[in-house]
Amino acid sequence: MSGGLDDGSAGLYAIKARGGIAIVQDPNEAFTPNMPQNALNMVDVDFCLPVRQIAEVLVQLANGKATDVTESPNGENAMEDQATVERPTSEPPGDQIPLACPECNGPIYEVKEGNLARFECFVGHAFSPESLSEQHSEALERALWTAMRTLKERTVLHKKMIERKRNKGEQELRNRLEESIHTAENDLKLLREILDRI
């Protein structure tokens, strides 16, 4: 595995827990070493190799000639019982945490597998700790942009209402609209400052 973040660690853990063999690119030669390094930190890998050697080891494994391969104890599945299409479950996947899924806003659960923690919702969105933080930041940014758009629309609407011919006795409404425009413009400035900090 090669790349950024730490998502691959959960998948590699699942492979190892089911008796598979884990081969990880040497982080020292990886363009983005985060993912292989996270895998090495979280999973007991069988091989950590430069890319040019991985193909040869795969051929050896396919022919049953590779050495230094650690087998999982008794070849048993160490993974917790998970839902599948054939075997659905209504049980939560883990312990609920006080966050909403950044993809669907449903409840999110922490699932622990050995030393590895990941997060999952009922729909099936799954995150590593790093990717959950990144997705949460993106969801926050989307929410702030939506708030900015709504505030802009509010100022446009209220300006149009002020410009139209008013009925008698609507001065109080005009005052409220002007105050609303002023407040929305101040809120827009504040939101821009927050977005600049994210």
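Predicted model: local features only at pLDDT ≥ 70, side-chain atom pairs only at ≥ 80, totals over all residues.

Biologist: Where do arginine 176 and glutamate 172 sit relative to each other?

Modeller: Both are in helix H5 (residues 171-197), and because they are four residues apart there, about one helical turn separates them.

Biologist: Which residue does arginine 174 pair with?

Modeller: Arginine 174 forms a salt bridge with glutamate 178, and the closest N and O atoms there are 3.1 Å apart. Those two are also in helix H5, four residues apart, so about one helical turn lies between them.

Biologist: And how exposed are arginine 174 and glutamate 178?

Modeller: Arginine 174 is partly exposed, with a relative accessible area of 23%. Glutamate 178 counts as partly exposed too, at 35%.

Biologist: What about arginine 149, which residue does it bridge to?

Modeller: Glutamate 153, with the closest N and O atoms 3.5 Å apart. Both residues lie in helix H4 (residues 129-163), four residues apart, which is about one turn of the helix. Arginine 149 has a relative accessible area of 47%, partly exposed, and glutamate 153 is partly exposed at 45%.

Biologist: Why would side chains like that pair up at all?

Modeller: Side chains of opposite charge can pair when their charged atoms come close.

Biologist: How many salt bridges are there by this rule?

Modeller: The count comes to five.

Biologist: OK, zoom out for me. How many helices and strands does the protein have?

Modeller: Five helices and six strands. Going along the sequence, the pattern is α-β-α-β-α-β-β-β-β-α-α.

Biologist: Walk me through the pairings. How many bridges join S3 to S4?

Modeller: Four, and the two strands run antiparallel. Glutamine 96, for instance, has tyrosine 109 as its bridge partner in S4. Next, strand S4 (residues 107-113) pairs with S5 over six bridges, again in the antiparallel sense. Tyrosine 109 shows up there too, with glutamate 120 as its bridge partner in S5.

Biologist: And after that, what's the bridge partner of glutamate 120 in S6?

Modeller: Alanine 126. S5 and strand S6 (residues 126-127) run antiparallel and are joined by two bridges.

Biologist: What happens at the turns? Which residue takes a positive phi in the hairpin of S4 and S5?

Modeller: Glycine 114, with phi near 65 degrees, in a hairpin that has two residues between the strands. The hairpin of S5 and S6 has four residues between the strands, and there glycine 124 takes a positive phi near 120 degrees.

Biologist: Is S5 mostly buried or exposed?

Modeller: Five of the six residues of strand S5 (residues 116-121) are buried, so the strand is largely enclosed by the rest of the structure.

Biologist: Which residues make up the largest nonpolar core?

Modeller: That core has 10 residues: Ala10, Leu12, Tyr13, Ala17, Ala22, Val24, Ala39, Val43, Val45 and Leu116. Helix H1 (residues 7-17) gives the most to it, with four residues.

Biologist: Let me pick one. What does alanine 22 contact, leaving aside neighbours within four places in sequence?

Modeller: Alanine 22 is in contact with Leu12, Lys16, Val45, Asp46 and Phe47. Among the core members, Leu12 and Val45 are on that contact list.

Biologist: Last bit, the whole chain. How much of the protein counts as buried?

Modeller: Of its 198 residues, 33%. The accessible surface comes to about 13,000 Å², and 51% of that belongs to carbon and sulfur atoms.

Biologist: And of the contacts between residues at least 6 apart in sequence, what share joins residues at least 24 apart?

Modeller: That share is 54%.

Terms used. Residues numbered from 1 in each chain as written. Heavy atoms only, no water. Core = buried A, V, L, I, M, F, W, Y, C linked by side-chain atoms within 4.5 Å. Buried < 20%, exposed > 50% of the residue type's maximum accessible area, 1.4 Å probe, protein only. Contact = heavy atoms within 4.5 Å. Salt bridge = Lys/Arg side-chain N within 4 Å of Asp/Glu carboxyl O. Areas by Shrake-Rupley, 256 points an atom, 1.4 Å probe, with all protein chains shown as cover. Pairing = 2+ DSSP bridges.
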